[in-house]
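Keep the picture at hand as you read.

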Amino acid sequence: MSTSETRALNEPLRVYEHPEFISREECAHMILCARREGMSAAKRVGEKDGVDQITEARTNKSTWLDHDYDETTLSICQRIADKVGMPL
């Protein structure tokens with residue numbers, strides 16, 4: 001797995017691409033964990049006057065997993081922390 005080929009997508013916003021940063025197996029594992037934890041469609045698009053703005057038009061799905069959810073998630077999170085130079 002190569003993590004050295006970093007490409008800036010938007011330098012001012014510090015958005016980078018790190019090809020092959022996680023393996024296909026790790027990616028599949030993360031999707032499985034997210035589904036297991038109830039991954040659902042995100043509906044919140046913002047806030048107006050202190051009230052959540054909800055829409056059914058959103059198409060992404062998400063869930064939260066703790067860094068130490070399991071050994072695989074911990075390994076991925078540690079690599080991310082190392083890459084960005086911040087503690088986990």
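## Arg7 and its partner

In this predicted model, Arg7 has a relative accessibility of 47%, so Arg7 counts as partly exposed. Arg7 forms a salt bridge with Glu17, and their closest N and O atoms are 2.8 Å apart. Because Arg7 lies in strand 1 (residues 7-10) and Glu17 in strand 2 (residues 15-17), the pair ties together parts that are 10 residues apart in sequence.

How accessible is Glu17? Its relative accessibility is 30%, so Glu17 also counts as partly exposed.

## A bridge between helices

The structure holds 2 salt bridges. Besides the Arg7 pair, there is one between Glu26 and Arg79, with the closest N and O atoms 2.9 Å apart. Here the partners sit in helices: Glu26 is in helix 1 (residues 24-36) and Arg79 is in helix 2 (residues 71-84), so this pair ties together parts that are 53 residues apart in sequence.

Is Glu26 buried or exposed? Glu26 has a relative accessible area of 12%, and the cut-off for buried is under 20%, so Glu26 is buried.

Where does Leu13 lie? You will find Leu13 in the loop between strand 1 and strand 2. With a relative accessible area of 63%, Leu13 is over the 50% cut-off, which means that Leu13 is exposed.

Terms used:
Residues are numbered from 1 along each chain as its sequence is written. This is a predicted model: local features need pLDDT of at least 70, side-chain atom pairs count only at pLDDT 80 or more; totals for chains, interfaces and linings use all residues. Side-chain values use heavy atoms; hydrogens and water are left out. A salt bridge is a side-chain nitrogen of Lys or Arg within 4 Å of a carboxyl oxygen of Asp or Glu. Helices (H or I, at least four residues) and strands (E, at least two) are DSSP runs, numbered from the N terminus. Buried means under 20% relative accessible area, exposed over 50%, partly exposed in between (1.4 Å probe, protein chains only).
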